[in-house]
Amino acid sequence: MNNATLAREIRKTVLKMIYNAHGSHIGCAMGIVEILIALYFKVLNIDPKNPLMQNRDRFILSKGHACAAYYATLAARGFFPKTKLDQFMADGSPIAAHVTYGSLPGIEATAGSLGHGLPIGLGMAIASKQNKTNNKIYVLTGDGEMDEGSVWEAIAFAGFHKMNNLIMVIDNNRFQSEGTTASILNLEPFETKLTAFGWSVSKTDGHDVEKLSRTLKKTHSSKPYAVIARTTKGKGIKFMENDYIWHGKSPSETEYSEALKQLA
Amino acid sequence: MRFAVINTIYESALKNKDICFLTGDLGHVFPEEFRKNLPYQYFNMGIAEQNMLGVAAGLALSGKKVYVYSIIPFVTLRALEQIKVDVCYQNLDVNIVGIGSGLVYGTYGNTHCAIEDIGVMRVLPNMKVISPANPLEAQQLAQQSLNIKGPTYFRIGRGKEPMPLNPYRVTFGKGHLVRKGKDITIFATGTILTEAEKAADLLTGNHISAEIINIHTIKPIDQKLIIDRIKNRKAVFSLEEHNVIGGLGAAIAEIVSESGHPGIIFKRFGVNDTYLKEIGQQSYLRNRHKIDGNSIALSIINSLKTH
């Protein structure tokens, strides 16, 4: 399956999961599909048959509300059967609308409240240094999430201590819950801020799997690394793209049918 | 008391490289050996408690047993949501060591006092709350914490608490009988145990035989022992250097109200839900809050008279 077909299949799964569960955050999930494909199919040293493999690379989805895409990618990668996703947001199920540690194989940490993933990833990176292992820790944050002070606490520590095994991917869709990041709390340009904190920074197209993979695989001898991935919120479904309302809206029956057609 | 905890963890960390110690830039009291001998296990995380608790969770998710150290308000309330989500929700091996219980830092003002922490930590699922009265208990409970899975919170004093004259053993989760008495029971927690002993001396002079039980583990609480005393005493009292809301007294009140013995005389001694506008030494503030031995004894005598 090529990257485009895989991305389309994952988006279809996400749409069905969120529609069936009357869930939200569909725009957020659609926007990170290629980033997840690049990580899980090209970059991460992981084994879906042995999710707790020693010295594996770790991934934390810090913007835990975009988890439908994460679960769908883990299923596509073979961590668990796709039928498990029928339990998404269901009564009695452990599979919540925010990432929960222990709910599915492959999930490394709980997220949902923003600003938690990078500090946890930093802790994992410190542990890897202690253990003298060469694995890498990847954390995907949202550009809106960068409002949280705790993210910057971790950025400062990682930069100062030259945590070169820590990689932060910023989903740079330029939207947050109530509108554009530029109008709510503009923190751009991230590149100069992160550079000032001692990070190495790359920018790339967040929907080009090959470019993303090459960028994510770059090695950095003495600095933590940030990849600013330019994305489109709601990517793949025209009426959802770049409309912040799809942060929280659940698709109606008509919208669902139309979206399915666009993904066909 | 803090050295009793720190040294216990240090000795264990020398033998076990998976034990880590994080401080929020308040580890200056730690012996230099810590930095020298544990360079990959001891980290000053800077003045950034939210990150520190998140890092602790990340270390624990990587198989480490983590101790996090700072002054109580900073290591509990400042990072509360990280403690909830990262530590307790994920049920990780993170041990929070808070110094400055109650009114120890009274002259510093209420920024540094800790009269809310028991209530806040107690309400978190999976969290265990440990409140030793002296360095002897702190050392033993720190040693026992090495074998406890999941999160714990240590509420410890400062550095000047004396060792008890006669050594004894305490066990995590079990109340400790400090003094025998047949009329009433005072349940106390933390360093204010000494005021319960003063009160019991004064009560003896008034022909009231007061038993003292030290509840060094507030969660899980020794429910069996407390229910036994509710059934077999004329009155029970709680004493803590903490708000009467949410702390030891509240935990005992919950047991009293569900015990089927509602007729028991029961009173909580603690800070009565107030921030004083004046500051002072711990002994001065205990007096102002009427949780010194003399005030407690008088109040107990009155409680027994009016019933």
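Analyst: Two strands count as paired once DSSP finds at least two bridges between them. The model here is predicted. Keep that cut-off in mind for strand S5 and strand S6 of chain B.

User: How do you know that S5(B) and S6(B) pair, and in what sense do they run?

Analyst: Three bridges join S5(B) to S6(B). Pairing needs at least two, so these strands pair. They run parallel. One position to look at is B:Ile130, which stands opposite B:Phe154 in S6(B).

User: What makes strand S4 of chain B a partner of S6(B)?

Analyst: Again, the bridge count. S4 (residues 94-99) of chain B and S6(B) share five bridges, against a cut-off of at least two. The sense is parallel. B:Ile99 stands opposite B:Ile156 in S6(B).

User: Why is S6(B) called largely enclosed?

Analyst: A residue is buried if 20 or more other C-beta atoms lie within 10 Å of its own. Five of the five residues of S6 (residues 152-156) of chain B are buried, so the rest of the structure largely encloses this strand.

User: Which residues cover each face of S6(B)?

Analyst: On one side sit B:Thr152, B:Phe154 and B:Ile156. On the other sit B:Tyr153 and B:Arg155. All are buried, and both faces are covered. In a regular strand, side chains alternate between the two faces of the sheet.

User: What makes S7 and S12 of chain B edge strands?

Analyst: Start with the sheet. Five strands form an open sheet in the order S7-S9-S8-S11-S12 (chain B), with mixed pairing. S7 (176-179) and S12 (265-271) of chain B each pair on one side only, and that makes them the edges. From one strand to the next, the twist averages 25°.

User: How do you know that helix H10 of chain B packs on the sheet?

Analyst: By its contacts. H10 (residues 248-258) of chain B touches S8, S11 (235-243) and S12 of chain B. Its direction makes about 145° with that of S11(B). Helix H12 (residues 293-306) of chain B also lies across S8, S11 and S12 of chain B, at about 155° to S12(B).

User: How do you know that the size of chain B agrees with a compact globule?

Analyst: For 307 residues, a compact globule would have a radius of gyration near 19 Å. Chain B has 19 Å, so the value agrees. The C-alpha trace spans about 60 × 40 × 35 Å along its principal axes. Of the 307 residues, 54% count as buried.

User: Where is chain B divided into domains, and what makes the two touch?

Analyst: Domain 1 covers 2-156 and domain 2 covers 176-306. Their C-alpha centres lie 27 Å apart. Residues are in contact if their C-beta atoms lie within 7 Å. By that test, 23 residues of domain 1 of chain B are in contact with 28 residues of domain 2 of chain B. On the domain 1 side, H6 (117-122), S5 (128-130) and H7 (135-145) of chain B each give two or more residues. By class, that side has 10 nonpolar, eight polar and five charged residues.

User: How many residues does each chain give to the contact, and which helix of chain B gives the most?

Analyst: Chain B gives 21 residues and chain A gives 19. Helix H3 (49-61) and helix H5 (80-89) of chain B each supply at least two residues of the chain B side. H3(B) gives the most, with nine residues. The chain B side has 10 nonpolar, eight polar and three charged residues.

Conventions: Residues numbered from 1 in each chain as written. Chains lettered and ligands numbered in written order. Predicted model: local features only at pLDDT ≥ 70, side-chain atom pairs only at ≥ 80, totals over all residues. Helix = DSSP H or I, 4+ residues; strand = E, 2+ residues; numbered from the N terminus. Axes fitted to C-alpha atoms, helices over the stretch in contact; angles between N-to-C directions. Rg over C-alpha atoms; globule rule 2.2 N^0.38 Å. Buried ≥ 20, exposed ≤ 12 C-beta atoms within 10 Å, placed from the backbone. Domains from an automatic or database assignment. Nonpolar A, V, L, I, M, F, W, Y, C, P; charged D, E, K, R; others polar.
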